[in-house]
Amino acid sequence: MATTFQSPLYASRRRRNRISMALAFAATAFGLSWLVLILAVLLWEGFSGLSLSVFTEMTPPPGSAGGLLNPIAGSLVMTTIAVLIGTPLGILAGTYMAEYGRYDGLTTVVRFINDILLSAPSIVVGLFVYEVMVAQMGHFSGWAGAVSLAVIVVPVVVRTTEDMLILVPDTLREAAASIGLPRSMMITKVAYRAARAGMVTGVLLAVARISGETAPLLFTALNNQFWSLNLNAPVASLPVVIFQFALSPYHDWQKLAWTGALIITLAVLALSIIARLLAAQRRSS
Amino acid sequence: MQPTGRPPVVDVALQGSGITVADQVDRARVLQRLRLGDAAYRQLTRAAAITVLIILGGIIVSLVWGSLPALRTFGVSFLYEDAWNPVTEKFGAIAPIYGTIVTSIIAMLIAVPVGLFIAVFLTELCPMWLRRPVGIAIELLAGIPSIIYGIWGLFVFAPFLQQHVQPFLIALFGELPVLSYLFAGPPYGIGILTAGLILAIMVLPFVTSISRDVFEAVPPVLKEAAYGLGCTTWEVSRYVVLPYARVGVIGGVMLGLGRALGETMAVTFVIGNAHRISGSLLAPGTTISATIANEFTEAVGDLYTSALIALGLILFVITFIVLAAARLMLMRLNARVGG
């Protein structure tokens with residue numbers, strides 16, 4: 001026995017195991033350290049600029065003080081409209097895939113295409129909406145920005161709706177059918193209720209996704225230095241303002257960009273944590 | 001509405017409960033309305049599902065339509081010419097294509113091994129109570145918007161690389177034949193390498209979470225059998241788990257690659273936007289998405305705009321192929337698990 005445990009082969013296997021397991025630990029520490037580093041810098045740089053005036057004043061010209069009120073409002077409005085357009089569309093499409101056509105060819109194709117849209121480059125979505133709306137209307141507009149965000153919302157909602165509806169036990173559907181409910185009511189009154197938490201999670205994740213999206217807004221909603229919620233004109237948004245201010249040579253603007261970045265990150269992280277808690281609650285109940 | 005012969009079952013059941021003919025007519029009307037509503041809802045959901053296809057079709061058609069002027073002017077040479085001159089209106093896509101591919105390769109070279117090791121940690125080594133928190137933390141990394149990576153990369157990461165890492169790399173590889181070429185030139189901070197590193201951090205969560213999911217799907221019996229033979233944890237991971245999960249891992253890697261190829265904002269901040277191909281990884285370059293983001297709103301003239309849209313079309317075709325391949329692999333995997 002003693003010779004086995006001291007054999008060079010055994011020793012080298014153990015050594016190799018120890019090295020690779022150390023690497024696994026190191027890799028995890030490496031991955032997590034980025035999260036810590038990014039959040040630490042964000043808090044450090046952004047927190048000092050965080051004050052009430054950020055939420056009450058307009059974006060300043062270079063060299064003077066100001067806030068981020070107009071981009072925050074613009075982002076909120078465009079995000080809201082995008083969710084209002086994208087969510088019903090996504091839920092209906094997901095409903096077809098999970099309820100009416102679970103096994104038909106259309107569903108397979110839509111699922112495949114939807115998964116590709118889910119990871120398609122968002123800047124391409126911006127080009128698409130530019131061609132379809134901005135070029136046709138002749139000017140940049142908040143509507144175009146909202147539509148391009150909606151195009152990003154749809155695949156996220158389709159995916160979660162389908163996944164959540166498929167998880168609803170068929171016995172619930174059978175029970176609903178047995179008391180004579182027509183299929184549409186069975187879906188809206190029974191299946192949706194059973195899958196509600198999951199579907200809300202999907203919408204929250206979609207909001208988290210689009211609230212940081214910059215690329216599709218660059219040439220749809222463009223940007224606006226002033227207070228404007230006119231959706232037929234260019235509208236400022238937080239990510240685009242961060243992009244513009246961060247790349248500017250002015251210190252005040254860079255400071256505001258950090259503060260804006262902090263606001264977005266906190267909002268996005270809060271949304272995804274709430275979404276996760278909702279999902280976890282559902283699993284445990 | 002009155003049927004002939006035997007009364008319908010429903011009517012038999014309702015006999016003697018005071019139902020009048022008028023009620024029955026009402027009932028028929030209600031049923032008719034429900035039937036209509038049902039059909040309408042079905043068609044509505046179907047239309048929504050088809051809309052998803054229309055969106056994709058619209059993206060392809062509008063990109064092709066928008067890039068026609070450029071493609072007609074330059075033809076196939078658009079793909080391999082390296083000129084990018086808005087003044088003389090000469091455009092070629094090879095420099096952005098090169099930048100896109102090289103930054104993505106750097107990102108994958110780092111993210112894939114690190115992601116796989118994290119997945120091994122999460123499935124084999126990590127104590128149960130720590131698994132969820134670590135997994136969630138890695139996934140939060142995926143939730144951080146790309147513009148945040150961009151601003152962080154520009155103000156924190158690039159100066160750090162410039163002052164500490166790049167001089168070291170230049171000194172280290174300066175004497176070696178091939179590597180001295182890759183790591184030549186002054187340390188700019190921003191450039192291809194920086195963009196690749198930022199992309200690696202962004203892609204890492206995707207690779208990690210899919211690898212973890214497919215590692216967890218490996219039947220415990222297989223692992224237990226290997227442990228029973230006396231295999232070490234490393235040997236189980238390398239020779240049992242990884243081969244079993246191979247297809248899923250490749251799918252996850254390609255999904256991450258699709259992200260890296262199309263990522264815009266983080267790259268735009270740190271790549272330097274220089275339309276040239278240089279051998280050194282430290283030199284500024286550009287990618288397809290960064291070019292579009294930087295120049296689209298300033299593009300004057302139809303040909304310039306059209307050339308940028310043609311770049312978008314190339315990007316979309318590349319990512320479409322990569323993502324489609326990734327999905328097909330993952331679908332095949334699901335079919336195997338399900339069947």
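User: Which residue of chain B meets the side chain of A:Asp115 in a salt bridge?

Analyst: Happy to start there, with the note that this is a predicted model, where local features need pLDDT of at least 70, side-chain atom pairs count only at pLDDT 80 or more, and totals for chains, interfaces and linings use all residues. Residues are numbered from 1 along each chain as its sequence is written, chains are lettered from A and ligands numbered from 1 in the order in which they are written, and side-chain values use heavy atoms, leaving out hydrogens and water. A salt bridge is a side-chain nitrogen of Lys or Arg within 4 Å of a carboxyl oxygen of Asp or Glu. At 3.8 Å from N to O, the partner of A:Asp115 is B:Arg327.

User: How many salt bridges does the rule find across the interface of chain B and chain A?

Analyst: Over all chains, the structure holds 13 salt bridges. Across the interface of chain B and chain A, the rule finds 3.

User: What is the area buried between chain B and chain A?

Analyst: The contact (heavy atoms within 4.5 Å) takes 83 residues from chain B and 82 residues from chain A. Buried area is the accessible area (1.4 Å probe) that two parts lose on being put together, summed over both. Carbon and sulfur atoms give 80% of this buried area, which is about 7300 Å².

User: Which residues in chain B lose the most area to chain A?

Analyst: Three residues together make up 8% of what the chain B side buries. They are B:Tyr41, B:Trp152 and B:Arg327.

User: Why does the pair of A:Arg159 and A:Asp115 tie together parts that are apart in sequence?

Analyst: A:Arg159 forms a salt bridge with A:Asp115, with the closest N and O atoms 2.9 Å apart. A:Arg159 lies in helix 7 (residues 142-167) of chain A and A:Asp115 in helix 5 (residues 105-119) of chain A, so the parts tied together are 44 residues apart in sequence. Helices here are DSSP runs (H or I, at least four residues), numbered from the N terminus.

User: Is A:Asp115 buried or exposed?

Analyst: Buried means under 20% relative accessible area, exposed over 50%, and partly exposed in between (1.4 Å probe, protein chains only). A:Arg159 has 27% relative accessibility and counts as partly exposed. With a relative accessible area of 8%, A:Asp115 is buried.

User: Which helix of chain B holds B:Glu124, the salt-bridge partner of B:Lys223?

Analyst: The side chains of B:Lys223 and B:Glu124 meet in a salt bridge at 3.1 Å, N to O. B:Lys223 lies in helix 9 (residues 220-228) of chain B, 99 residues apart from its partner, and B:Glu124 is in helix 4 (residues 94-125).

Key: Helices (H or I, at least four residues) and strands (E, at least two) are DSSP runs, numbered from the N terminus.
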